[in-house]
Amino acid sequence: MDRSPDEIRGALEQIRAARGFVLPHHGAMAAALPELHASYEAMYRALTLEQRHLAPLEKEVVWLAILAACEEPVGTHHLHKFRMAGGDDALAAAVFRLVGWAAGAARYACIAAHWQGQFPALPAAREYLQGCDALIEGSPLAPGLARLALLGVHTACEEIWGLGVVLESAYALRVAEPQMAEAMSLAIWPRGVNRFVKATAAWLDLLQSGRVTPSPAFRAWAEVAGQGAFKPPV
């Protein structure tokens, strides 16, 4: 489907009207890949604009954490949305501290995998989570929302050990599973669907381990057999 110059200009102005800005890739898709452009816009609306399980401020806290963790200069409109949703400097400071701590999750993963026997009184998962909570103590960032932010960060950064620890902790804090799923899904935008695939595989392993009690919907997911990577036919 070829578009005329006027149709391309119109498509880009529709984006500007909806978002307040136009990025270069919008134009490239509008000019050369109109079908992809239409699908892209539909996914963007579903993933980032429509309200689902996270309240507006909750969603922007997760966005702020993901963008900071990915050192991502693109997406700064979410900083504006964070402010518009009620986020202030105190909340942002707590998010940034949490993101900085989350960058060290791989070190705790190493302790868990190789040194735990030498430090039995210091379970790596507990120590990691206590460090997170100490950093946000007295701040506007509640522990449950901090777990959602960490789920987004660990999904985006492909930190699977940290993700598993935080998922289990989120269940203990009774964070709603749909909120967890939405927080993790936001990483698709800056980091691609493969990070989300790997993160949900870790979640599936946790559900099947019996260490958490899923809701009926998530139990149904866990009970479906044969989930995993493609295997060539023999």
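What share of the 234 residues in the protein is buried? Buried residues make up 40% of them, in what is a predicted model.

Figure 1. Read along the sequence, the pattern is simply α-α-α-α-α-α-α-α-α-α-α-α-α-α. The C-alpha trace spans about 70 × 55 × 30 Å along its principal axes. Take the contacts with a separation of 6 or more: 61% of them join residues 24 or more positions apart.

**Figure 2. Helices α11 and α13 pack against each other, with axes that come within 10 Å.** Here α11 covers residues 177-185, and α13 covers residues 193-209. Two packed helices are described by the angle between their axes and the distance between the axes. For this pair, the axes cross at roughly 150°, so α11 and α13 are roughly antiparallel to each other; the cut-off for that label is over 145 degrees. On the α11 side, look for Glu 177, Met 180, Ala 181, Met 184 and Ser 185. They meet Phe 196, Ala 199, Thr 200 and Trp 203 of α13. Sort these contact residues by class and you get 6 nonpolar, 2 polar and 1 charged.

**Figure 3. Cysteines are on show here, but the structure holds 0 disulfides.** Cys 157 is in no disulfide either; its nearest cysteine sulfur belongs to Cys 70 and sits 4.8 Å away, while a disulfide needs the two sulfur atoms within 2.5 Å. At 36% relative accessibility, Cys 157 counts as partly exposed.

**Figure 4. Phe 218 and Trp 221 form an edge-to-face aromatic pair.** A pair of aromatic rings is described by the distance of the centres and the angle of the planes. In this pair the rings are 6.0 Å apart, centre to centre, with 70° between the planes. Both residues belong to helix α14 (residues 216-223), and because they are 3 residues apart, about one helical turn separates them. Is Phe 218 buried or exposed? Phe 218 counts as buried, at 15% relative accessibility, whereas Trp 221 is partly exposed, with a relative accessible area of 23%.

**Figure 5. Trp 101, Tyr 108, Tyr 128 and Trp 161 are linked into a cluster by ring pairs.** Across the structure, the count comes to 8 aromatic pairs.

Conventions: Residues numbered from 1 in each chain as written. Predicted model: local features only at pLDDT ≥ 70, side-chain atom pairs only at ≥ 80, totals over all residues. Heavy atoms only, no water. Axes fitted to C-alpha atoms, helices over the stretch in contact; angles between N-to-C directions. Helix = DSSP H or I, 4+ residues; strand = E, 2+ residues; numbered from the N terminus. Parallel < 35°, antiparallel > 145°, perpendicular 65-115°, else oblique. Contact = heavy atoms within 4.5 Å. Nonpolar A, V, L, I, M, F, W, Y, C, P; charged D, E, K, R; others polar. Buried < 20%, exposed > 50% of the residue type's maximum accessible area, 1.4 Å probe, protein only. Phe/Tyr/Trp six-rings, centres within 6.5 Å; stacked < 30°, edge-to-face > 60°.
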